[in-house]
Structures are given as structure tokens and as C-alpha cells.
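Please follow both in the structure below.

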Amino acid sequence: MNLKRVVVTGLGSLTPIGNDVSTTWSAMLAGVSGAGPITRFDSTDFKCKIACEVKGFDPLNHFDRKESRKLDLFSQYGLVASEEAIKDSGLTDETIDKTRVGVIWGSGNGGVQTFQDEVREYVHAGCIPRFSPFFCTRMIANICAGLISIKHGFRGPNYCTVAACASSAIAISDAFNLLRLGKADVIIAGGSEAAVVECSIGGFSSMQALSCRNDDPATASRPFDKDRDGFVLAEGAGALVLEELEHAKRRGAKIYAELTGCGLSADAYHITASHPEGQGAYEAMKYAIEDSEMKLEDVDHINTHGTSTPIGDISEPKAIARLFGEHAKEINLNSTKSMTGHLLGAAGSIEAIATILAIKNGIIPPTINHFTDDPNIEPLNFTFHKAVKRDVRFALSNAFGFGGHNISLAFRKVD
């Protein structure tokens with residue numbers, strides 16, 4: 001088939017280090033940590049008392065009071081980020097056919113706050129079934145995709161991807177494939193998460209996945225450091241406007257980068273742990289590069305999954321070293337999770353945005369919080385401490401989820 005080319009024409013984000021793309025990007029380049037003590041609830045009795053929360057977000061700045069009550073926070077985040085991306089893209093009713101504009105949105109948890117609160121109220125009320133009529137529509141993970149389409153009247157492909165921490169990256173991948181097959185002209189793709197709630201913090205803590213560096217939250221997320229002790233849970237949203245190249249050119253859109261390929265795989269190994277040799281990560285990156293019809297030595301930068309977990313931070317560099325050989329040391333790796341924390345289902349979209357901006361601006365954000373080398377980790381170029389200026393022609397963004405879901409997205413600079 002003669003596949004169409006796909007470009008990125010709009011970006012939107014809401015993160016623990018910035019409530020829009022510009023602020024988030026500036027904070028990344030400056031190496032700012034978004035971690036701090038949990039404010040969403042009283043964490044006194046919890047082992048983990050820290051998280052990367054969105055700051056200064058007031059729903060009433062975006063929604064009227066009646067509407068905000070109908071929306072879980074994860075949907076509010078998604079609506080705000082997608083609105084920014086759409087405005088950034090310059091899409092107008094005059095330049096699009098709304099029947100050919102879609103929304104594919106990822107979330108690993110959906111409305112987990114809503115679910116927790118409704119069940120808690122049910123129990124506290126003596127198990128009397130007095131549930132909100134908006135319980136189900138606030139909770140279900142697919143609702144944000146529907147809400148974005150309703151708000152803007154987009155009537156193209158519309159659904160949700162759920163694959164744990166790979167969710168929003170897979171949403172981007174699905175959008176890419178539909179666009180290059182000619183099934184749509186434009187797709188808003190990304191993801192949102194608002195899981196800084198008791199059941200999430202408690203659940204991840206019980207499986208020893210979270211950092212418990214409560215006395216120094218700013219340095220708690222430390223990917224690839226010898227003394228890492230888990231990820232820092234985060235919240236927020238990331239949105240990309242993906243567009244068929246000729247459609248973008250006809251309307252004179254600015255283009256950030258081209259999405260050239262994607263690679264997906266499964267570890268088929270363990271429900272939470274990555275394959276010890278990074279087999280799934282290896283295959284996902286290999287497939288993404290092959291799909292792009294690029295060479296291994298063309299890769300300048302990889303935004304790693306890099307969660308700050310003991311096992312995952314060993315297996316991904318192993319996969320990179322095995323796949324790229326000697327060229328692996330020439331690639332600037334980083335983990336922006338060292339600053340944003342781990343946004344779960346929204347992580348892939350935020351990291352894709354960081355990768356795109358690295359290409360667009362010729363500068364790679366750092367991996368902060370590195371203090372001690374780990375002899376078990378391949379000695380690669382992790383871009384520790386400071387941002388690095390570099391002409392990035394071709395880059396990968398990796399995302400891996402519980403259950404063994406792996407994806408690598410490949411982006412290229414557009415001349």
C-alpha cells in the first residue's frame with residue numbers, strides 16, 4: 001500500500017511541572033522536580049507520602065460548577081490538555097471535515113477517584129445504594145475520548161486505549177496507523193491520569209513499586225541511580241494533534257515533527273516485572289525503526305521508559321545496548337520521569353511531547369537525581385544532570401506497562 005505520512009501539528013499538556021506545554025518544557029530543561037508531599041489526602045498512615053501532583057489547577061477556570069461535578073479529574077485534565085493542543089494546531093471549522101477528525105485517548109485507571117469515593121460513601125452510608133447518576137460516566141476510562149469529541153464535534157474514529165503505563169503511547173500509535181491508512185485526516189491522541197488517591201498509593205506501595213524517600217521528595221525519582229527505590233506516582237495529561245501530511249500542508253499548519261513508525265511487543269513474562277534481558281523492549285524499538293525505514297545509526301536520542309524501579313532500569317538499557325551495539329553510546333538517553341514522576345497511562349504522551357520538542361528545538365532534557373552509578377546498568381549516555389544541545393534528526397520514545405505491554409514511537413525531524 002501507498003501509506004500516507006503523519007505529522008505532529010499541535011501539542012498540549014498539564015503536568016506536575018507545568019500547566020501547559022511551554023511551562024513544562026522550560027521546567028524540563030531546567031531540571032525541575034515536580035515531587036512533593038501528598039496534598040490530595042492525609043497520607044500519615046501510608047508508607048509512601050509523596051507524589052508528583054498537578055499544581056494550581058482550578059477546575060472552575062475551565063468548567064462551570066455544574067459541569068465540573070460531572071467530570072472526574074482525569075477527564076478534566078484531558079479536556080484541558082486537548083484544548084491546548086487543538087488551539088496550538090490552528091485547526092478551525094473551515095479547514096477540517098469533522099467527520100474525518102478522530103480522538104484516541106489512553107488511560108490506565110480512568111476515574112479511580114470517582115470509584116473510590118462512591119464505594120466509600122456506599123459503605124459509610126451503611127451499604128444503602130445511593131449512587132450518583134454520574135458514577136459510571138465519571139469512572140469509565142473511555143469517557144475522556146467521548147468528552148473531547150462531544151466538545152469539539154469531532155465525528156471520526158473515537159475510542160480509548162488501556163494498556164497500563166503504555167496506554168497513551170499506544171493511543172498515538174493507533175492514531176498513526178489510522179491516519180496513514182487514510183481512515184481520518186486528523187486525530188487528537190494522548191492520555192490523562194489522576195490516580196493520586198488512597199487506593200492507588202496504597203496498592204502500588206504494597207507491591208513495593210513506589211519510592212518511599214519521604215524526607216527528600218525532590219530527589220525520590222532517580223532513574224538509573226544505584227539507590228533508586230521505586231517510581232513517584234504522578235498525574236496530568238498530554239495531547240498531540242496528529243495529521244496527514246498533505247492535509248497539514250494544505251491548511252498551512254506548522255509542523256513539529258513527523259511520526260514515522262511504531263513498534264509494539266509483549267514481554268510474555270510477568271504481570272509487573274519487565275523481561276530481565278529487555279526482550280520486549282528490544283523488539284519494540286527494532287520494529288519501530290524498521291517501520292520507519294531508518295537505520296540503527298540514525299537514532300540520536302531515546303526518551304526511555306526509565307521509571308526509577310530496580311528491575312526496569314536494568315532491562316531497558318540492556319535492550320538498547322544489545323540492539324544498537326557500539327552506536328548505543330552515541331545516543332543521548334534520558335528519563336523525563338526523573339522530573340515529572342510517573343504519569344501511568346498518560347506517561348507515554350508526555351514523553352512523546354518531550355521527544356518531539358527535543359527534535360524541534362535541538363536540545364535534550366536531562367535525567368536529574370543521579371548520584372551513584374549502578375554497576376548492573378549498561379554504561380550508556382543517560383544525559384545526567386544538565387540538558388544537552390544536539391541536532392536530533394531521529395528519536396524514539398519508549399513506554400512499557402504492567403502486563404508486559406511495550407511500545408516504541410519513532411519521530412523524525414522535518415526539514
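Is Lys 337 buried or exposed? Lys 337 is buried, with a relative accessible area of 1%, where buried means under 20% relative accessible area, exposed over 50%, and partly exposed in between (1.4 Å probe, protein chains only). This is a predicted model, in which local features need pLDDT of at least 70 and side-chain atom pairs count only at pLDDT 80 or more, while totals for chains, interfaces and linings use all residues. Residues are numbered from 1 along each chain as its sequence is written, and side-chain values use heavy atoms, with hydrogens and water left out.

The partner of Lys 337 is Glu 351, and the closest N and O atoms of this salt bridge are 2.9 Å apart. Glu 351 lies in helix α13 (residues 347-361) and Lys 337 in helix α12 (residues 337-340), so the pair ties together parts that are 14 residues apart in sequence. Glu 351 is buried too, at a relative accessible area of 2%. Helices (H or I, at least four residues) and strands (E, at least two) are DSSP runs, numbered from the N terminus. A salt bridge here is a side-chain nitrogen of Lys or Arg within 4 Å of a carboxyl oxygen of Asp or Glu, and the structure holds 22 of them.

Another salt bridge joins the side chains of Lys 413 and Asp 391 (2.9 Å, N to O). This pair links distant parts of the chain, 22 residues apart: Lys 413 is in the segment after β14 (405-412), and Asp 391 is in the loop between β12 (388-389) and β13 (394-401). Lys 413 is partly exposed at 24% relative accessibility, and Asp 391 is partly exposed with a relative accessible area of 45%. Elsewhere, salt bridges that share partners join Arg 5, Glu 258 and Arg 412 into one network.

The nonpolar packing comes next. A nonpolar core is a set of buried Ala, Val, Leu, Ile, Met, Phe, Trp, Tyr and Cys residues joined through side-chain atoms within 4.5 Å. The largest has 70 residues, of which Leu 11, Leu 240, Leu 242 and Leu 409 touch the most other members. Helix α13 gives the most to this core, with nine residues.
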